[in-house]
Amino acid sequence: MMKTLAFEKPIGAKAEFSKAEVFTPMNTTTLVDDFATDAKFFRLLEQKGILLDQEQLKAVRAIYGPTLTVAGAGSGKTRVLTSRACYILYMDETVKPTNIMLVTFTKKAAAEMQERLMQMLPAEVVEKMMVGTFHSIFLRMLRKKGDNSKLIGSDAYRRIIVNRIAKQLQCADILAPETILTAISGWKNRMIYPSDITPKNAMEKHLKACYEKYEEWLFECNSMDFDDVLIRAVNFLETNEEYRLFMQTHFKYVCIDEFQDSATRC
């Protein structure tokens, strides 16, 4: 419904100001006719307080072929993603909950996705869907395939280790632990190993040496860090054709939230 606001004329103004109209965006209550084939689905969402505007509705209904939703922060991207996953199950009986993967980058965002799905679907249905972060999903895969390496999840602990390494290499006075870890993580995310690095200056020479020692320490401790989870998963999928084909055929829909934060190779 359109409303009008009256503005007082500023003191000394000669011209009259017209009244400004306030725009109220339409949502599914008016955008989706009761006779539409998917009307029941959107009526159910509305009962749960989930209203979609015109562009969000368009994104939710786009369930065939690759789809990219570009929107700013706080515009409802996660709402669209989770609503779309539910819409897929509602509209296509051949798709089972186990055929859908919803993935994001942070643990907090993954928890929010799961919580939103629980608002729309029974818990037992949501539990059958693959919902999590890249790291949690890949770690699950690695564990299932027999990789029992200890996960080093504490950044504080990793800083202690690389600081100890820097002291051993006599470069702790010029390289902070955070600098070393940032460099190592950058290399790992590009799948660059110590043997691939040709230092261009003294700083890179020190960083490469720290990287080599850090990798030796991980190997000796039978451990891996979060970057290794991604690297090992990618290597496994690239070298194990049978499992890769299984993943490609099993998951009919892979829905990625916050895609801009995700590494290309993920």
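**How to read this model**

Modeller: Trp-217 counts as buried, at 15% relative accessibility. Buried means under 20% relative accessible area, exposed means over 50%, and partly exposed is in between (1.4 Å probe, protein chains only). This is a predicted model: local features need pLDDT of at least 70, side-chain atom pairs count only at pLDDT 80 or more, and totals for chains, interfaces and linings use all residues. Residues are numbered from 1 along each chain as its sequence is written, and side-chain values use heavy atoms, leaving out hydrogens and water.

Biologist: How many aromatic pairs are there?

Modeller: Start with the general idea. A pair of aromatic rings is described by the distance of the centres and the angle of the planes. Rings of Phe, Tyr and Trp (its six-membered ring) pair if their centres lie within 6.5 Å; planes under 30 degrees apart are stacked, over 60 edge-to-face, and the rest tilted. That rule gives eleven aromatic pairs. Take Phe-134 and Phe-138: the ring centres are 6.4 Å apart and the planes are at 45 degrees, so this pair is tilted.

Biologist: Where do Phe-134 and Phe-138 lie?

Modeller: Both are in helix H7 (residues 134-144), four residues apart, or about one turn of the helix. Helices (H or I, at least four residues) and strands (E, at least two) are DSSP runs, numbered from the N terminus. Phe-134 and Phe-138 are both buried. Now look at Tyr-157 and Trp-217: this aromatic pair is edge-to-face, 5.9 Å centre to centre with 70 degrees between the planes. Tyr-157 sits in helix H8 (residues 155-168) and Trp-217 in helix H10 (residues 202-220), so the pair ties together parts 60 residues apart in sequence. Tyr-157 is partly exposed, with a relative accessible area of 36%. Elsewhere, ring pairs link Phe-41, Phe-42, Tyr-87 and Tyr-90 into a cluster.

Biologist: How many salt bridges does a search of the whole structure find?

Modeller: Idea first. Side chains of opposite charge can pair when their charged atoms come close. A salt bridge is a side-chain nitrogen of Lys or Arg within 4 Å of a carboxyl oxygen of Asp or Glu. The search finds 13. One of them joins Arg-116 and Glu-112, at 3.0 Å from N to O. These two are four residues apart in helix H5, about one helical turn.

Biologist: Which residue forms a salt bridge with Glu-215?

Modeller: Lys-188, with the closest N and O atoms 2.9 Å apart. The pair links distant parts of the chain: Glu-215 is in helix H10 and Lys-188 in helix H9, 27 residues apart. Glu-215 is partly exposed, at 23% relative accessibility. Lys-188 counts as buried, at 1%. Lys-188 also meets Asp-228 in a salt bridge (2.9 Å, N to O). Asp-228 lies in helix H11 (residues 226-239) and Lys-188 in helix H9, so that pair ties together parts 40 residues apart in sequence. A network of salt bridges links Asp-155, Arg-158, Lys-188, Glu-215, Asp-225 and Asp-228.

Biologist: Is Lys-208 buried or exposed?

Modeller: Lys-208 is buried, yet has no salt bridge. The nearest side chain of opposite charge, Glu-212, is 4.3 Å away. For charge, Lys and Arg count as positive and Asp and Glu as negative; His and the chain ends are not counted. Lys-208 is in helix H10. Contact means heavy atoms within 4.5 Å. Leaving aside neighbours within four places in sequence, Lys-208 is in contact with Trp-187, Pro-194, Ile-197 and Pro-199.

Biologist: Which residues have the most contacts inside the largest nonpolar core?

Modeller: A nonpolar core is a set of buried Ala, Val, Leu, Ile, Met, Phe, Trp, Tyr and Cys residues joined through side-chain atoms within 4.5 Å. The largest has 30 residues, and those with the most contacts inside it are Phe-42, Ile-100, Leu-102, Leu-117 and Met-129. H4 gives the most to this core, with seven residues.

Biologist: Which residue has a positive phi of about 55 degrees?

Modeller: Most residues other than glycine have a negative phi, and most peptide bonds are trans. Met-191 is not a glycine, yet has that positive phi of about 55 degrees. Met-191 lies in the loop between helix H9 (177-189) and H10. Met-191 is buried, at 16% relative accessible area. Asn-222, also not a glycine, has a positive phi of about 50 degrees. Asn-222 lies in the loop between H10 and strand E6 (223-225), and counts as partly exposed at 46% relative accessibility.
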